[in-house]
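Student: I have a model open and want to learn to read its features. Can we take helices, a pocket and a loop in turn?

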Amino acid sequence: MFRLQHAVQILREGGLIAYPTEGVWGLGCDPLDAEAVQRLLALKQRPVEKGLILVAAHIDQFEPYLHDLTLPQRRTLQQSWPGPHTWLVPVNAHVPLWISGGQATVALRVSAHPVIKALCTGFGAPIVSTSANISGRPAARSLLDVQLQFSSPVAEHVTLVPGSLGDRNKPTTIQDLASGKIIRA
């Protein structure tokens, strides 16, 4: 557990981490730290306009982002979480522009993955969850893939959190909460 506590401290200090998720390796940081998010986006070569996914240990960690939802919308979230299902929910004043990318929605997921749950519980809040890869390249499926994705040694930029991927062979499903439309299966 020391490595996990170290990773939580890295998050608190504005650092970046790479960690296993349900299907691919993820990159994360404190979503409220604009500088950390900018470093993550630069490492991935990802434009801010695409927005980022936030992941949490339980739905209560998303409360600031959910207070405008209807009761049926909340039920929909509760029925699919925790699990490998990312929902696009309407942006409100609590969602930073560098997370939403200026979009009308923000992507949220409550994970059942033990490493993610432990990270978010230890951090006490949601974290960024984006695939550990250069934009446009295949998502990393191993620690070696994470290290090979980036031209400079990843250890200089990112703290690696050990663990195993979940049982999915691809990233999580993304679905729009308002329309029900599946964006990524």
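Predicted model: local features only at pLDDT ≥ 70, side-chain atom pairs only at ≥ 80, totals over all residues.

**Helix faces, a pocket and a loop residue**

Student: What covers the buried residues of α2?

Tutor: The cover includes β1 (16-20), β2 (25-28), α5 (97-100), β6 (127-128), β7 (130-131) and β8 (158-160). Contact means heavy atoms within 4.5 Å. Helices (H or I, at least four residues) and strands (E, at least two) are DSSP runs, numbered from the N terminus.

Student: Which residues of α2 are buried?

Tutor: Buried means under 20% relative accessible area, exposed over 50%, partly exposed in between (1.4 Å probe, protein chains only). In α2 (residues 34-44), A36, V37, L40, L41, L43 and K44 are buried. Seen down the helix axis, they fall within an arc of 160°, so they line one face of α2. The arc is that of the directions from the helix axis to the C-beta atoms. The face turned away carries the exposed residues E35 and A42.

Student: What caps the N-terminal end of α2?

Tutor: D33 does, with a side-chain oxygen 3.1 Å from the backbone nitrogen of E35. Just after α2, Q45 has a positive phi of about 60°.

Student: How do I read α6?

Tutor: Find its buried residues. In α6 (residues 114-123) they are V115, I116, L119, C120 and F123. Their arc is only 125° around the axis, which puts them on the same side of α6. Exposed P114 and T121 sit on the face turned away. G124 follows α6, with a positive phi near 80°.

Student: Where is empty space left?

Tutor: Rolling a probe the size of a water molecule over the atoms shows it. Here the largest pocket has a volume of about 570 Å³. Of its 33 lining residues, R46, I53, T130, I174 and R184 are closest to its centre. On a 1 Å grid over the protein atoms alone, a pocket is an open set of points where a 1.4 Å probe fits, with protein on both sides within 12 Å along at least five of seven lines; lining residues have an atom within 4 Å of a point. A volume is the space filled by probe spheres set on the points, which are joined across faces, edges and corners.

Student: Is T21 buried or exposed?

Tutor: T21 is buried, at 5% relative accessible area. T21 lies in the loop between β1 and β2.

Note on methods: Residues numbered from 1 in each chain as written. Heavy atoms only, no water. Polar contact = N/O pair within 3.5 Å; in protein donor to acceptor, adjacent residues only side chain to side chain.
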